[in-house]
Amino acid sequence: MNLLTGRDIGIKVEGRWLYQGVNFDLRQQKMLALVGDNGVGKTTLLNAILGQRELTEGSLTWQTIDGVKPTIRYVPQYRPDMQAFPLYIRDFVALSFDNGLRPWLSAKEKQQLTHILKDTNLVELADRPIDTASGGERQRAYLAQALVRNPQVLVLDEATANLDNGAKYELMNVVRHYRDHHDLSIIMVSHDFDIVSDYADDYLLLTPSGSEFGHSADADLTKLKARYNANV
């Protein structure tokens, strides 16, 4: 089943078309990689998917249940507020439960927090200040904060950028493990074709001259890299 369907999408910015005729599907419990050079419009499309801007043409259609769209959570590449408001990793992840109604967690929320810290390999780090954590540990904390409320869609926006190989594969292994054991669909923005090849089920390549959507298993990675590089 397709959780999100994009058809004939076109986006114009300041009178210039970024792209037109873009088509893609986000399949349920699958990972879609959104790839392309800086400035091609990946973030612009992502903002449209997140409901933060309108398409110029085309449509984005969500699969709904009783008229309700899936819940979406977002994991950024970087959080500039970490130095200003240092928290223990456990408390940072628990911020997702803060709705302003009570200053404590319910028993169910505590149970879910413990579960997600375990799933993201953060149990032993839970009482460490997040501003002292390594880049990979911090990204897993961002991930845990996004997952603790059980979203149906996870957006990873260059989440592995600036991580060393060990840290980025640890992060993506956590993402894949969680996806395999929960009803989670993922949109991953990335420049890393090795990560795309190893983890993505489908890809959408955006270039100034057009777009390409397909199954990662059917893609010729060498040709895909060449088409990407030709537009850099």
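An axis here is a line fitted to C-alpha atoms, for a helix over the stretch in contact, and angles run from 0 to 180 degrees between N-to-C directions. The model is predicted.

**Exercise 1.** Work out how helix α4 and helix α5 are arranged.

*Solution.* 
- Step 1: Find the helices. α4 covers residues 135-147, and α5 covers residues 165-181.
- Step 2: Take the axes. They come within 9 Å and cross at roughly 20°.
- Step 3: Apply the cut-off. Angles under 35 degrees count as roughly parallel, so α4 and α5 are roughly parallel to each other.
- Step 4: The crossing of α4 past α5 is right-handed.

**Exercise 2.** Name the residues through which α4 and α5 meet, then sort them by class.

*Solution.* 
- Step 1: On α4, list G136, Q139, R140, L143 and L147.
- Step 2: On α5, list A167, E170, L171, V174, V175 and Y178.
- Step 3: Sort them. The contact has seven nonpolar, two polar and two charged residues.

**Exercise 3.** Describe the largest cavity and its lining.

*Solution.* 
- Step 1: Count. There is one cavity of 30 Å³ or more.
- Step 2: Give the volume. The largest cavity holds about 30 Å³ of space.
- Step 3: Name the lining. It consists of L156, E158, A159, T160, M188, V189 and S190.
- Step 4: Sort the lining. Four residues are nonpolar, two are polar and one is charged.

Definitions and conventions
Residues are numbered from 1 along each chain as its sequence is written. This is a predicted model: local features need pLDDT of at least 70, side-chain atom pairs count only at pLDDT 80 or more; totals for chains, interfaces and linings use all residues. Side-chain values use heavy atoms; hydrogens and water are left out. On a 1 Å grid over the protein atoms alone, a cavity is a set of points where a 1.4 Å probe fits but cannot get out, and a pocket is an open set with protein on both sides within 12 Å along at least five of seven lines; lining residues have an atom within 4 Å of a point. Grid points are joined across faces, edges and corners, and a volume is the space filled by probe spheres set on the points. Ala, Val, Leu, Ile, Met, Phe, Trp, Tyr, Cys and Pro count as nonpolar, Asp, Glu, Lys and Arg as charged, and the others, Gly among them, as polar. Helices (H or I, at least four residues) and strands (E, at least two) are DSSP runs, numbered from the N terminus. Angles under 35 degrees count as roughly parallel, over 145 as roughly antiparallel, 65 to 115 as roughly perpendicular and the rest as oblique. A crossing is left-handed if the near helix is turned anticlockwise from the far one by less than a right angle, and right-handed if clockwise. Contact means heavy atoms within 4.5 Å.
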